[in-house]
Amino acid sequence: MQLFSAILFDLDGTLVDTAPDLAFALNTLLKQENHQTLPYNDIRPVASHGSAGLLALGFGITTDHPDYASLQQRFLQIYQQNIARETRLFEGMEVVITALEQANITWGIVTNKPAFLTEPLLDALNLTQRTACIVSADTTPFSKPHPAPMLHACKLIKIQPEQCLYIGDAERDIKAGKNANMRTVAALYGYLSDQDHPEDWHADASINHPRDILQWI
């Protein structure tokens, strides 16, 4: 695979390990509602699916349930208050980011996490000033797998999509990258469940560890 002018990352489950704090928020809410808490290993594979996926796991409800809106609001409030309690870059990712910066390769973030959560998280991790662009779920009218967020990132960094590599741990990430004519990499170390079949996503490559990204730098 060719070298690239920019590497763009999904956030949760690719660049940053947010699952511990998402699990904490869900289990805190479950306790408040007198529900049984869940083991971390049950929550981790759902962490990329946002509040809808986590509330479905914890409470067995969908977005049309009458209690969904109030539970979601409380979940997000708990999570926002604990957003960087245990969240860290994935092991090896600091090495990758530093290598990108030393090689003058632009790197950025395209996430389906809303800006009111993305921005304080990146501030807490001291990443805001390092990344060339931050595109959140509500930055454009559409979120992944629509190509709009990807193309907006390209506009911000002034690099053509064909010169970008996008790395993500969910099928929607790979679809979004392909829809924007980017090359794509599936991050198999991320939040995949037994129901995920990354071999069917048709990414251009897959990696088992963040350090595997170094081959494209």
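## Strand S6 and its neighbours

Two strands are taken to pair if DSSP finds at least two bridges between them. In this predicted model, strand S6 is joined by four bridges to strand S7 (residues 183-187), and the two run parallel. Within this pairing, Gly168 has Ala186 of S7 as its bridge partner. From S6 the chain passes through helix H8 (residues 171-179) to reach S7, a β-α-β crossover that is right-handed.

S6 also pairs with strand S1 (residues 6-9): four bridges join them, and they too run parallel. Here Leu8 stands opposite Tyr166 of S6.

## Burial of S6

Strand S6 spans residues 164-168, and five of its five residues are buried, so the strand is largely enclosed by the rest of the structure. In a regular strand the side chains alternate between the two faces of the sheet. Cys164, Tyr166 and Gly168 point one way from S6, while Leu165 and Ile167 point the other way; all are buried.

## Helix H6

Which residues of helix H6 are buried? In this helix, formed by residues 115-124, they are Ala115, Leu117, Thr118, Leu121 and Leu122. These residues lie on the same side of H6, because they cover an arc of only 160° around the axis. An α-helix has 3.6 residues a turn, so residues three or four places apart point the same way.

The buried residues of H6 pack against helix H4 (68-81), strand S4 (106-110) and strand S5 (134-135). Just after H6, Asn126 adopts a positive phi of about 60°.

Technical notes
Residues are numbered from 1 along each chain as its sequence is written. This is a predicted model: local features need pLDDT of at least 70, side-chain atom pairs count only at pLDDT 80 or more; totals for chains, interfaces and linings use all residues. Side-chain values use heavy atoms; hydrogens and water are left out. Buried means under 20% relative accessible area, exposed over 50%, partly exposed in between (1.4 Å probe, protein chains only). The arc is that of the directions from the helix axis to the C-beta atoms. Contact means heavy atoms within 4.5 Å. A crossover is right-handed if, with the strands pointing away from the viewer, the path from the first strand over the helix to the second runs clockwise.
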